[in-house]
Amino acid sequence: MPDAGDAPYDTRSMSLPTGHEEDKTIKWHALHDVQEVLDQLSVNDKGLTSAQAETRIHEYGYNRLTPPKKVPLWKKVWDQINNILIYILLVAAAFSIYFAVSGDDATDAWIEFGLIIGVIFINVLIGLIQEGKAEKAAEAIKAMLSAKATVLRDGEKISIDSDLLVPGDIIYLKSGDRVPADARMIYVNKLQVQESMLTGESDPVSKNMLPVDAKLGIGDRKCMVYSATMCTTGEGTAVVCETGDSAEIGRISQLVSSVEKTKTNLLVQLEILGIWIAVFVVIIALGAFFLGMFGPFKDIWENENKTVWEQAFKNAVAIAVAMIPEGLPAVVTITLALGVTAMARQNAIIRQLPCVETLGSLTVICSDKTGTLTKNEMTVVAVRSAKSHFDVTGIGYAPKGDFVDREKVPVRESQLAFIKDMLEVGTLCNNSSLVQTTDVTGGEKWEAAGNPTEAAILVAGKKAGIDTKTLYDNKPLRGSIPFESDHKFMATVNESNGILTMNVKGAADRLIDICKDQVTDDDMKKRAPIDKEYWQQAASELSSRGLRVLALCVTGISKSLDMESLEPAYIYKKEVTLTMVGLVAILDPPREECIPSINEAHTAGIEVKMITGDHAQTALAIAKMLNIVDKTNEHIVYTGPQLDEMTRPELEDAVMKCNVFARSSPENKIQIVQALQARHQVSSMTGDGVNDAPALKAANIGVAMGITGTDVSKEASQMVLADDNFATIIVAVREGRRVWDNLRKILIFNLPVNLAQGLSVFISLAFSGLGGVPLTAIQVLYVNMITSVTMGLMLAAEPAEDTIMERPPRRPNKRLLGKLVLWKCLFVSVQMVAAVIGVFKWAQIWPDGGYSIKKRRGEAFTVLIFMEIAFSFTTRYLKQSAFRKEMLTGNKWAYVSIATVAGLQFLILYVPGLNDTVFEVEGINGWQWLRVLIISVILFLVVELEKALVDPLLFPMVKPLLKKLGLVTPRYEGLRSRYSETSDTEDPEIAKKVNGKSEPKL
């Protein structure tokens, strides 16, 4: 290929392009004419020869995508095992085998080994099922490529496999073809291409051969066609410019493969938790070992002819196993799975378990406009005549609504008659239709068949009383001028009572200049010279509100005119008088449920940003209706080309202050996501097209559309919206916050129990006067694997607290093992250790002579279990009092868990064989049961008293000291610092917005 000379170049980057990086890729859409394109590609209008094509195959490679590097199974398994908690469990399992082979308690050791390995296997299996979706995303892109292409080779038109295409090939396109490569148009005949998979916009794009500015995005490059897009109408010829990985879809595939997967805060915090647990367990185990080697039991073991170091080692391992929360990984997984199930019932389908928790920490939601924030159902919202302005109520394709004046007063009968006459023009000049069906509930549902804009006019006509079938029968079609981007209008010729009338519908700016007169006094029979200034001002005013404005016009036509030869030039003729009837303003309206959902997001301290391929003015207008923009930045909107020109710091500043981004490219979405992450924001990104896949993967939470989304976007995402509804994201955020709260409750519940078990055994080794250990290895494992898991599942099912969406987002670096968890762990475990050791010693000295060691262990074991039950009730509310009605009625699984654990404890105590052989206990008597119940109630009351005193009264006193020591992480200030009533803002309207009190203005 010859040197590109002064040809425009493209700026492309796999991560956060800023517009300041040089790339020598030619911008084909900006080359001045077809001949320049052919010269750049060293080809003429006869196409390539077979020899040239063969040479270029070696130079450029095949027109196919490079497959992603696949991760081997062993690496996937290793990724699941490479976890500090799993390491600890593996070490515990290894020691269990050692004891099973060398010790006297072989049965207990083998049971322990089996349970631990079972936990590891379940966790690894769940992880393998949930992860590893990136390969499917790239494969889904590959499946969208065309298989065949019609090409000009050696001067002949032939069909070849599309992967044999090379730059310089001349290809032929027609309606129904999938474009096989990126190409510049060299001939166009009414060709339209559906590019929504790349641009996000649903309307087909009319192609031409005119060059455009080098900086314009894909949606504005009408002289180009792109690989994997679909030709809907017309035909054309194009010269291939880019193939394979160099094509737009190839770059997207590379972006999907190159974007690094983000690690959720939950995974990070679980790793940190595992490290702390490991360190603590090792320290306590070493202490137990040295205590055994040199403590009071040394002489006892020597007198029993036992090896001291071996007995000390066994006890150290037993304490370590007691303090490891073996059931915690399983409970965390099940908690996340329950969250997934709850979200699925609300139409939010989670594809990767840890992402459930991430939803609860979102600080920014980046959303598409069309179909997510809006209904994707174009609607006529206003009509304008030379005399009047009328608003139209009702949204969507259902023909239900009325016409009202500016004061919202219903129109008079005479006005409605004129509106009906006006909309007859748009109904006759129309190639679309409305289809009435039923939805899943059996209710009425209306859908558009054809162009959404034309369907909107049909709906408005039905609201005015037009019966389309009767109208078409009474005024049959005799001829037409199809819409073309060159002239920007469509016309039909209809006959009524022997008179032919041309009905014209098109861009207001184009038709206003052509019209010579106008309908006046809201009467189709009255005419007056056109007031172009009035119509231009009216169109400008409607457009400034983000509305798509079309003009409706009529003119008479002679019967002698040949309808087959009707051309657009006809209405430009001097003798033709085109009459302006009126303007219709069309909008893709916001979803009704999105407005309160966005207000709820603001209340929760979450910013909502709109990122769309639409025009800036339209995007800003919709954003204002949805309360997405705040008054301090209500006029700020950035376009994709503007973002491309920014430096990294400028980009980060822009994404923090701006909530509306228009004409955005795939790279722009990644830019926005990565800039937000650079400012420590936790962001989600919605998308449905192939172009969205890289950004979906880069975001903390990628959200794909379930109805309109491509397989590519779904495979690259972490969550899929089954109903394509923004409001569902807010429901998922609420559920994510609930899951995080419940995980903390589970942690606060589990750790004190594990610590109490280990310390109880440790203390019993330090004092030989206790006559043995209060808890055996099998009892400890039973608590870790059965009771803690059962009670943990109760906490996992705990419903959200009332104020959950009134809190600001959780800090992105929020510690799972924070001050509250550590304090509760210490405070509760001390009480549990005192109770277990206390009843164990009490039963040794009272009544006279005390009970047997097994009966004492039975009471110690039972008091631990019932203290767990009592503690689980108070843990259901971390900082609020548990003395509330919801404690009895809020969670039905509480009773199931309590009944299960209490029932199993009765079986362990009183079933022969199970009690004395397996658990080494005996059934306890009434006095012992009374002590168990009293101690459990006391624990519950003491923890409730601690809630009332420590956090609200004592913690504020010590907080300044903790701050000086660097032990208090600054609170996340996000949106609330800008909007809340307690912030520095003096604007009450902005403060209202965050509390969901402001109403949208249409």
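Ala-382 finds its bridge partner in β13 at Asp-391. This is a predicted model, where local features need pLDDT of at least 70, side-chain atom pairs count only at pLDDT 80 or more, and totals for chains, interfaces and linings use all residues. Residues are numbered from 1 along each chain as its sequence is written, and side-chain values use heavy atoms, with hydrogens and water left out.

**Strands around β13**

- Strand β12 (residues 379-384) runs antiparallel to β13, with three bridges between them; pairing takes at least two DSSP bridges, and strands are DSSP E runs of at least two residues, numbered from the N terminus.
- Four residues sit between β12 and β13, and the two strands make a hairpin.
- On to β14 (residues 403-404): this strand is also antiparallel to β13, via two bridges.
- Asp-391 has Val-404 as its bridge partner in β14.
- Within β13 (residues 389-392), His-389 and Asp-391 point one way, Phe-390 and Val-392 point the other, and all are buried (under 20% relative accessible area, 1.4 Å probe, protein chains only).

**Lys-855**

- You'll find Lys-855 in helix α29 (residues 853-875); helices are DSSP H or I runs of at least four residues.
- What is the nearest side chain of opposite charge to Lys-855? That's Glu-922, 4.7 Å away, and the buried Lys-855 has no salt bridge (a Lys or Arg side-chain nitrogen within 4 Å of an Asp or Glu carboxyl oxygen).
- A polar atom of the Lys-855 side chain does lie 2.5 Å from the backbone oxygen of Gly-923.
- Neighbours within four places in sequence aside, Lys-855 is in contact with Glu-922, Gly-923, Ile-924, Asn-925 and Gln-928 (heavy atoms within 4.5 Å).

Note on methods. Buried means under 20% relative accessible area, exposed over 50%, partly exposed in between (1.4 Å probe, protein chains only). Lys and Arg count as positive and Asp and Glu as negative; His and the chain ends are not counted. A polar contact is a pair of N or O atoms within 3.5 Å; within protein, one must be able to donate a hydrogen and the other to accept it, and residues adjacent in sequence count only if both atoms are side-chain atoms.
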